Amino acid sequence: MNHIIMTLGGPNDDRGHLSRIALDRLECTYSLYTNNNNTRVLCTGGFGDSFNRTPHPHAYYAKQYLMQRGVKEEDFLQFTLSTNTVEDFRISKAIIEREQPDILLVVTSDFHMRRAKVFHDIIMKYPSTVFVPAKSSLTPSELAPLLAHEKQAIEMLKKNNFILY
């Protein structure tokens with residue numbers, strides 16, 4: 001079987017150090033990679049004021065981290081240089097359609113999974129997709145504003161009849 005793990009990007013600091021959110025997602029990706037044969041990795045994340053202001057795209061730092069953990073260079077697909085989750089799916093769609101994996105594994109944070117599924121179903125619609133939530137290691141006080149943001153974002157999607165900008 002041919003698998004692709006699409007790992008949604010997370011923040012990094014101005015020196016390229018990955019946030020806890022990004023690390024949680026990458027550890028989940030690494031676990032999937034090591035437990036499945038014929039698996040390639042698609043890292044998402046470009047540049048943006050709220051998540052990456054460095055000279056390298058976020059996906060570069062994700063790849064470097066995964067390679068340090070043991071993921072082979074040849075098992076990476078081209079980066080998806082996105083600025084948000086909608087773009088993760090819009091830009092990655094062509095790559096996924098070209099590669100035609102037997103299974104697409106989408107990794108994002110557990111608190112972000114519902115919205116990621118909505119975007120996938122609107123934009124990508126890849127039939128053999130499995131969503132894998134990366135368990136968040138954030139403290140309850142760090143997680144609270146993120147949960148509130150996700151709830152508000154889902155409400156806005158509903159209000160707009162799931163029509164994206």
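The exercises below go from single helices to cores and strand pairing.

This is a predicted model, in which local features need pLDDT of at least 70, side-chain atom pairs count only at pLDDT 80 or more, and totals for chains, interfaces and linings use all residues. Residues are numbered from 1 along each chain as its sequence is written, and side-chain values use heavy atoms, with hydrogens and water left out.

**Exercise 1**

Work out which residues of helix 5 are buried and where they sit around the helix.

Solution. Start with the extent of the helix: helix 5 covers residues 140–159, 20 residues in total, and reaches 28 Å from its first C-alpha to its last, close to the 28 Å expected at 1.5 Å a residue. Helices (H or I, at least four residues) and strands (E, at least two) are DSSP runs, numbered from the N terminus, and the expected span is 1.5 Å times one less than the number of residues.

Next, pick out the buried positions: Leu143, Glu150, Ala153, Ile154 and Leu157. Seen down the axis of helix 5, these fall within an arc of 100°, so they line one face. Here buried means under 20% relative accessible area, exposed over 50%, and partly exposed in between (1.4 Å probe, protein chains only); the arc is that of the directions from the helix axis to the C-beta atoms.

Then look at both sides. The buried residues pack against helix 4 (113–124), while Ser141, Lys151, Gln152 and Lys159 are exposed on the other side of helix 5. Just after this helix, asparagine 161 takes a positive phi of about 55°.

**Exercise 2**

Decide whether arginine 25 is buried or exposed, and list what it touches.

Solution. Arginine 25 lies in helix 1 (residues 20–34). Its relative accessibility is 6%, so arginine 25 counts as buried. Leaving aside neighbours within four places in sequence, its contacts (heavy atoms within 4.5 Å) are Thr7, Leu8, Gly9, Gly10, Val107, Thr108, Ser109, His112 and Ala134. With threonine 7, the separation is 18 residues in sequence and 6.9 Å in space, C-alpha to C-alpha.

**Exercise 3**

Find which members of the largest nonpolar core touch the most other members, and which element gives the largest share.

Solution. A nonpolar core is a set of buried Ala, Val, Leu, Ile, Met, Phe, Trp, Tyr and Cys residues joined through side-chain atoms within 4.5 Å. In the largest, with 22 residues, Val41, Cys43, Leu66, Val71 and Val107 touch the most other members. Two or more residues each come from helix 1, strand 2 (39–43), helix 2 (58–69), strand 3 (103–109) and strand 4 (129–134). Helix 1 gives the largest share, 7 residues. A second, separate core of 20 residues includes Leu77, Ile95, Val118 and Ile154.

**Exercise 4**

Solution. Valine 107 has valine 132 in strand 4 as its bridge partner.

At 12% relative accessibility, phenylalanine 111 counts as buried. Outside the four places on either side in sequence, phenylalanine 111 touches Ile21, Ser136, Leu138, Leu143, Leu146, Leu147 and Glu150.

Definitions and conventions. Pairing = 2+ DSSP bridges.
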